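Welcome, and take a moment to look around before reading on. The paragraphs below pick out a few side-chain contacts and follow them one by one.

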Amino acid sequence: MGRRMLHAILALNLASATVAVQAQTTGRITGTVTVEGRGLPNANVIVLGTNPVVGAIADANGRYSLGNVPAGAQQVQARLIGYTPITRAGAVTAEESVALDFALAAQAVQLRGMVTVGYGEQSRREVTGAVSSLMAQDIHQIVAGNPLDAIKGRIPGVDVTASSFEPGASDAVRIRGIRSISASNAPLYVVDGVPITGDLRDIDGNSIETIDVLKDASAAAVYGSRGANGVIMITTKRGRIGITEFTFNSTYGLSRDRREVPMMNGLEFANFRRESYRNGGTAAQKTACANYMTDPTACDQFALDPTMRANLAAGVSTDWQRDLLRTGALGNTQIGFSGGNEDTRFRLGVSALNQTGIATTQAYNDRSLSFNVSHIHSRLSLQLGIQAARSSHDVGLGAIMWDEALFNPPLGRDRDATGKLVFLPTEDGLLVSPIMNAQSVTRRIDRTNVLGTLTGSFELLDGVRIHTAFGPQYTNNDDGQFIGIYTRAKRGQGAPDATLRETQNTNYTFSNFLDLDRTFRGKHHVQATALYEVARFRTTFDSAAALALPFDNQLWYNLGTGSTPTVNGIFSRTELESWMGRVNYTLLDRYTLTLTGREDGSSVLAPGHKFAFFPAAALGWQIGDEGFMRRFRGISDLKLRLSYGRVGNSAISPYQTIGLLNRTWYATNGTYLVGFQPGAIPNPDLRWETTDKFDVGLDFGVLDQRISGSFDAYRDNTHDLLLPRALPYSSGYSSVLQNVGATKNIGLEFGLSTQNLRNFHRLGWTTDFNISTNKNRIVRLQSGLTADVGSLRWVGQPVSVYYDYKYIGLWQMADTALARTMCGCTAGSIRVEDVNGDGKITADDRVIIARSYDNPRWQGSLNNRFTFGPADLSVLATARVGFLINDSFTAAYNSLAGRFNNIETNYWTPENQSGTDPRPSTNGLGAYASARNYVNGSFVRIRDITLGYTFSNRLANRIYVNRARLYVRAQDPFIFTKYKGWDPEAGFSAGNGNNQFSQADVGGPAFRTVLFGVDLGF
């Protein structure tokens, strides 16, 4: 007993002596890690060269403390995935404390850290495919109902375009251009490892931590046919170990139209009508209008109806466009609660977005909830995630409302003397009040989406885990429309009609895979995955419509009270079965080989052709780690990537391989009967559309990553295109879907991130820049054709082209005889080029005209961030350059046909022969009118300007929060373009007023929004 006590005393004295010696030879380093002036939680701070490593993790306010740091000169590094690491020197004195602060900068194009790939994560050093990433800070820079707006123009090779500026409008996404002509070119969306259908409007934007885009075959091959057009992977936020945090972010702002289309006023419209009758009217009308410029009285008897004449005399000039515009509003509130320990982590987020459109009848509201919880127990890991969203989209008439507003003459009154709306502003039988027309149509799209992710994994052996993932998704879309009587179609007569369309999608993906991650002998790192997966998709569509409803306020409910009910329905079910294997081998942390193979079986293809195997291979070489690179001290990162892979596309409608029947109606003996007739010819040979993808890429970093970026060149060869082949009418069918034709797609991508200033006199400045270009060509068409003019397809030309006469100006008085001989034209009319030089303008003179909107010469973005102490400023600009648009907006509202109002323009007359637009005529602009519709759509857009101020920790604590930031933001404030319509991106489409059903996601005026926001953390 005494001996044991003596040993214990000796050990205690020895330990005390050791601690005393250590205390005399070590010191402490403390400080704060910040980004744009605010504390950065979870940043890793380590003392380089220490063994064991001396390090710490920053707390919720970005503060850290390092103890037991050896005395002397030390190099200390702060780093966090998504931010450029910074190393600072510090002199540590024994038993004293030294302060070192770090200001990190985010990287939009990330070259280090971990990256999400299919069915797992990989170190970016070992990623051999083309993968680009955006972090949460970049995603939240844009306030919108669709998270896709955040990546618009931000990632090279990813093209996000809007078809409309309506609230809640959807976006079209293309990764590395267009490959398929008839099948889908849309990418696959994956949320927390589970593929989903639809788009990202159903995902809570505030819950997104990162967006990773898999662009080449090596990266996307693990998803086989579903990843044929690229993959957009969403990783949601998780609770942080040891930190319980409550966050509150609220933004509110106002929106105004960026510009009105300059339409003719009352007097301009009157002269425009007079000139139209002088040029294109009957003989009597031409005679009456011959001298309208000196005395319009006789001409006005033909050119203006009595109401117009009275209103012209009274000085009426109604701005119908302004009558349908208002100040919009955008409010977005997001609340998050997260926390956890080493075993269990959780996060709950709720958000509410309310957007009132600048159009009087349009709005969008979205409520979303996100929740995830993960738990680790010994070798078992479980995770549950839920994304639920409920949105309501008030569409109104959509694009048609602008059709009515821009067509209506300014010589009609919107209200009478008592302030009551006037339904028939003029005596034109086709036009009604744009205001009443818009108010008489209600269309609301209610969408409910619930996505679940349930995953579990168990560690069988060291580095070997088995995973199971189940991802169910349910979507319900109710689309109801009510048409009142005060519309163009009903003209105030009869009773209202209504339609209800309901679509339900029930899908799930069930995955089981085995994962190996081991390092052998310190230099062989192997990651391997073996997968079996099934996915099933079920869609039902039902519609009901009724005429002559008794009440306006019943909308589309209780359609049984109407007359002539019609009911329709569609049902489809498809399945996908897959096996996949992937091996990622890295030697000496320098040379990486990736091999992937996936076999997919799709139910939509023909028996005997349902299954196909899609392989991929890639190499990665860390050139920067080679000995011969030591002489280039400025290069901190250099990696070469090469990849090849084959992917398949079966994104066509189901049941294309079997014969279908169409319903038809016929009468016999006075009885109305329903029957069926052949609708589609079966094709038992329908197989996969396949694409061979090649990619070479270079990732680089210079000056300790102060300059970093990537360059990629790629080529996609697509063959066995899924195309409808025309059939002779004698067959009884118009076409059959077959595997015919091929396309080629090539492109270049470049991304660059720079840290221009690092806390230089408290000033920081970083820049992110990217640019990309893409070209696609048709290589082969069906039956050996070199041209399919009816479908606008030519071998050697892009998939999407314009084919028309070439506009070269206007015929002038000196060319009257030539104009009459060549095309029967007159002075002031459209002149097109005689391409074949035969002295006549015929269909043979049509040519392929330049690049379309889908195929710009280049596109890119530039994002600058500045910090000065607690203040920060960011400016994001995007560009799309080198393309023409087929401007249906100009075609509709600058038609110069003399009946409807027109864009204010300098039109040609005998007295104004320098006019740049054709001479107006009641007969229209003739056979060559469309030739003038192709206009330059190039633009540079300032997407976002944000000015923020982050409270110091001391000031934040005074208001009982851990962090606080105030900011003001301008979204889409400016655009630089030669286009004269609403907007060259989505505002060049026109509504079709002859279509009674509302047109959503088409055109509409662009707007700018100014927002004020607060971001708090507790």
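Let us begin with a salt bridge: the side chains of Lys215 and Glu749 meet with 2.9 Å between N and O. Lys215 is in the loop that runs between β17 (208-214) and α3 (217-220), while Glu749 belongs to strand β38 (residues 742-760), so this contact ties together parts of the chain that are 534 residues apart in sequence. Both Lys215 and Glu749 are buried. Keep in mind as you explore that this is a predicted model.

Across the whole structure, a search finds 45 salt bridges.

Another of these bridges joins Arg179 to Asp716, with the closest N and O atoms 3.4 Å apart. Where do Arg179 and Asp716 lie? Arg179 sits in the loop between β14 (171-175) and β15 (188-191), and Asp716 is part of strand β35 (residues 707-719), so the pair ties together parts 537 residues apart in sequence. Are Arg179 and Asp716 buried or exposed? Arg179 is buried, and Asp716 is buried too.

Next, find Asp394 and Arg444, whose salt bridge has its closest N and O atoms 3.1 Å apart. Here the partners come from two strands, Asp394 from β23 (residues 380-394) and Arg444 from β24 (residues 441-461), so the bridge ties together parts that are 50 residues apart in sequence. Arg444 has a relative accessibility of 24% and therefore counts as partly exposed, because buried means under 20%.

Now we can turn to the aromatic rings. A search of the whole structure finds 27 aromatic pairs. In one of them, the ring centres of Phe470 and Phe510 are 6.2 Å apart; their planes stand at 75°, so this pair is edge-to-face. Phe470 is in strand β25 (residues 464-483) and Phe510 in strand β26 (residues 497-520), and with 40 residues separating them the pair links distant parts of the chain. Phe470 is partly exposed, at 31% relative accessibility, and Phe510 is partly exposed as well, at 32%.

How is the pair formed by Trp765 and Phe866 arranged? The two rings are stacked, with 5.5 Å from centre to centre and 20° between the planes. This pair, too, links distant parts of the chain: Trp765 lies in strand β39 (residues 763-780), Phe866 lies in strand β46 (residues 858-868), and they are 101 residues apart. Trp765 has a relative accessible area of 31%, which makes it partly exposed; Phe866, at 27%, is also partly exposed.

Some rings gather in a group. Trp402, Phe407, Phe889, Tyr893, Phe900 and Trp982 form one aromatic cluster.

Rings can have charged neighbours as well. The charged end of Arg880 is placed over the ring of Tyr853, at 4.2 Å from its centre. Arg762 likewise lies over the face of Phe868, and here the distance from the ring centre is 5.6 Å.

Our last stop is helix α7 (residues 306-313). At its start, a side-chain oxygen of Asp305 comes to within 3.0 Å of the backbone nitrogen of Thr307. Just after α7, Gly315 adopts a positive phi of about 80°.

Terms used
Residues numbered from 1 in each chain as written. Predicted model: local features only at pLDDT ≥ 70, side-chain atom pairs only at ≥ 80, totals over all residues. Heavy atoms only, no water. Phe/Tyr/Trp six-rings, centres within 6.5 Å; stacked < 30°, edge-to-face > 60°. Helix = DSSP H or I, 4+ residues; strand = E, 2+ residues; numbered from the N terminus. Buried < 20%, exposed > 50% of the residue type's maximum accessible area, 1.4 Å probe, protein only. Lys NZ or Arg CZ within 6 Å of the ring centre and 35° of its normal. Polar contact = N/O pair within 3.5 Å; in protein donor to acceptor, adjacent residues only side chain to side chain. Salt bridge = Lys/Arg side-chain N within 4 Å of Asp/Glu carboxyl O.
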